[in-house]
Amino acid sequence: MSSGVGSDFKELVRARTDIAQLVGERVALQSRRGGRELIGLCPFHDDHNPSLRVDADRQSYKCWACGEGGDCFAFVQKIENVGFYEALELLATRAGLEMPRRSGSDGRGGDAQGSDGRPTRKELFDVLKWAENEFYTCLKTSTEASAAREYLKSRNFSPETIEKFRLGYAPLDGQFLQRRGRDRFKPAQLAAVRLISQRAEGDGFYEYFRGRVVFPIRDASARTVAFGGRVVPGIGSPDAPKYLNSADSPLFAKNKTVFALDVARLGITQRAACVVMEGYADCIMAHQFGVHHAVATLGTALTENHVGVLKRFTRKVVLVFDGDQAGRDAAEKSLPRFLSQDVDLRILTLTTEKDPADFLTANGAGAFNELLESAPEAWEYKLRLSIERHGLASVDARERVVAEMLELFRQAPRFGGSARENIVLNRLAFRVGLAESRIREMLAASRRKAAPQATVVRKTQIPNSNPGDNLSSQSPTVSNCPSSASSKTGPTTARGKLERELLECVISDPAAVSAVQEVVATEDFSDEAHRRLLALCYRVADAGMSPSYENLIAATEEPDLKSLLVTLEATARAKTQTLELDGPQAARAARQGLLATSLRLWKRRIDVHAASMGRLQSQSDSPGTLDAAQLDHLRRAMEIHGERARANTTT
Ligand SMILES: [Zn+2]
């Protein structure tokens with residue numbers, strides 16, 4: 001499989017891409033070993049401890065929990081869910097490089113969506129970037145945008161903020177983008193990013209944003225993926241919804257996107273916390289007031305998907321709700337969902353009748369930061385509400401408070417029996433002045449009462465027993481879970497391990513390839529991924545190059561091979577690192593010893609295999625009984641295994 005783009009260009013893009021920066025856009029990375037190795041939470045599985053390693057020297061990444069790994073291209077392929085060509089195109093754009101035309105094609109992506117005539121992701125990003133500019137220029141210069149400019153001014157948006165967030169205006173006539181983009185984009189491209197839509201009756205398209213201030217919505221890499229629009233008072237139909245977001249598209253999923261993450265990332269890392277607002281206008285205003293760790297959800301409550309994105313940057317998340325009754329109700333309703341999240345989730349409701357923008361304007365950032373610091377944990381928030389309602393004056397009142405708390409615990413998915421539950425019960429007992437044993441009795445009783453319902457919940461996999469809350473049914477971000485290819489889970493057979501060791505020998509000492517090539521033919525390898533990697537080593541060597549890690553990773557476009565290569569390189573390095581302690585000569589001698597042992601074992605294995613061929617051909621998968629010859633074969637295999645283990649420990 002080849003992208004049809006010359007390897008010189010690929011290597012140029014690689015050289016212009018820093019993988020630490022690239023991965024750092026999705027995950028907060030902490031440095032180790034003097035900054036050459038970085039660790040963070042893996043974005044490809046539901047990671048709780050930092051399992052992802054980014055190696056700045058080798059420009060590779062590797063998750064030791066789920067097995068994902070590779071170079072910058074593999075990372076983009078995986079995280080954007082695109083083929084190699086599109087990954088190259090996206091990284092080239094990122095590096096400010098123009099894609100060369102592809103050999104033997106029309107210059108369009110072959111392994112990407114482009115091959116079937118649909119626009120590629122790169123094209124869609126281009127459309128959105130263009131539209132953002134059109135809206136922005138319109139707001140700044142057009143006479144028809146004067147009401148919008150007045151509105152923003154009345155809401156205290158500064159010119160710097162308007163420029164930083166590239167706010168724009170979409171005129172009311174509904175033909176603006178189609179007119180301006182006539183020579184550049186096809187309607188299908190504008191429709192794919194939900195800027196226009198086919199009319200239900202008659203020909204033509206209508207534009208989604210009309211007579212609205214437009215807020216670009218960006219992904220973590222600061223690329224515009226969608227827009228939000230707010231009506232301008234006095235413009236358009238009076239019963240149009242106040243806020244409107246782009247519909248979901250190939251680039252945009254509302255319940256996963258965190259607004260302003262691109263500009264807040266640094267602030268979040270610096271403050272070791274993140275503030276989540278309910279709307280982009282509040283969030284932008286927070287930034288204008290110097291609250292640089294503010295982000296927002298897009299007209300939805302915070303979902304587990306959002307939490308999955310945020311927790312890769314910080315463990316502390318403060319949810320800000322409006323001070324009115326609706327805001328308080330929303331806060332209380334959201335509690336069960338977050339009680340069991342493995343983030344430190346806090347709830348802040350503002351003083352009466354104020355949204356964050358009003359609050360900041362009236363009281364300034366200092367007062368806001370003070371509130372943030374004192375925001376209670378989710379369960380504590382509920383406790384305060386309950387105490388407000390019932391007081392703590394009598395045993396009866398206390399038990400009523402506890403009952404409300406237990407109802408919350410019961411609704412929280414994955415909370416019962418957790419370590420966190422123990423801590424919270426202990427603290428609750430202390431706060432309300434009841435014995436912890438009494439609270440545990442009440443909890444057990446409340447669980448018994450709710451047991452039949454709980455079974456249904458588990459069966460249907462809805463992580464929340466509140467059926468009215470459709471947002472909680474989002475599964476955590478594990479959609480990119482890796483497949484269980486052998487290259488990820490590791491070999492289970494002795495033969496697979498030996499194949500892997502031979503590959504490690506070549507990668508840690510590329511000169512060893514000729515010795516291996518004399519003894520091992522690619523088709524001798526039983527594991528398909530091992531076979532392909534060995535073939536790659538031979539191909540590179542046959543072309544007169546050294547099959548070093550760098551040359552090998554540059555010679556393939558296949559993510560699974562890259563992942564295997566990164567794994568084997570790291571394993572080989574870990575093994576030889578201890579050897580290096582005895583000096584370079586001793587290390588070389590030891591490496592040669594490892595190679596000789598592996599090759600000797602391989603030859604014996606092939607002999608054993610040849611001798612027993614025919615008898616064992618269909619044996620490997622069938623679990624039937626073993627005859628004497630098969631037992632003898634197994635014994636010999638175990639001897640080989642033992643010898644190899646001894647060889648490994650003595651060198
Ligand atoms: Zn992982």
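This passage describes the fold of one protein chain, from its overall make-up to single residues. The model is predicted: local features are reported only at a pLDDT of at least 70 and side-chain atom pairs only at pLDDT 80 or more, whereas totals for chains, interfaces and linings use all residues. Residues are numbered from 1 along each chain as its sequence is written.

The chain has 26 helices and 15 strands; helices (H or I, at least four residues) and strands (E, at least two) are DSSP runs, numbered from the N terminus. Of the 651 residues in the chain, 39% are buried. A residue counts as buried if 20 or more other C-beta atoms lie within 10 Å of its own, as exposed if 12 or fewer do, and as partly exposed in between, with C-beta atoms placed from the backbone. Among contacts with a separation of 6 or more, 64% join residues 24 or more positions apart; a contact is a pair of residues whose C-beta atoms, placed from the backbone, lie within 7 Å.

An open sheet of 5 strands has the order β1-β2-β3-β4-β5, with antiparallel pairing. Two strands are taken to pair if DSSP finds at least two bridges between them. Strands β1 (30–32) and β5 (69–70) are at the edges and have a single partner strand each, so one side of each lacks a neighbour in the sheet. Strand β4 (residues 60–63) is joined to β5 by 2 bridges, and Tyr 61 stands opposite Gly 70 in β5.

Strand β14 (residues 316–321) has 5 of its 6 residues buried, so this strand is largely enclosed by the rest of the structure. Strand β12 (residues 274–277) runs parallel to β14, and 3 bridges join the two; Cys 274 is opposite Val 317 in β14. Strand β15 (residues 344–349) also pairs with β14 in the parallel sense, over 6 bridges, with Asp 344 as the bridge partner of Lys 316. Together with helix α13 (residues 325–339), β14 and β15 make a right-handed β-α-β unit. Right-handed here means that, with the strands pointing away from the viewer, the path from the first strand over the helix to the second runs clockwise.

A nonpolar core is a set of buried Ala, Val, Leu, Ile, Met, Phe, Trp, Tyr and Cys residues joined through C-beta atoms within 7 Å. The largest has 100 residues, and those with the most contacts inside it include Val 275, Val 318 and Leu 319. Helix α5 (residues 121–141) gives the most to this core, with 7 residues. At least three residues of the core come from each of domain 2 (121–245) and domain 3 (254–478), the bounds being taken from an automatic or database domain assignment. Another core, of 31 residues, lies apart from it, and Val 520 and Leu 599 are among its members.

The buried residues of α5 include Phe 125, Leu 128 and Phe 135. At 1.5 Å a residue, the 21 residues of α5 should span 30 Å, which agrees with the 30 Å between its end C-alpha atoms; the expected span is 1.5 Å times one less than the number of residues.

Pro 171 lies in the loop between β6 (168–170) and α8 (176–180). Pro 171 is buried, with 22 other C-beta atoms within 10 Å. Leaving aside neighbours within four places in sequence, Pro 171 is in contact with Cys 138, Glu 144, Phe 176 and Gly 211.

Key: Contact = placed C-beta atoms within 7 Å.
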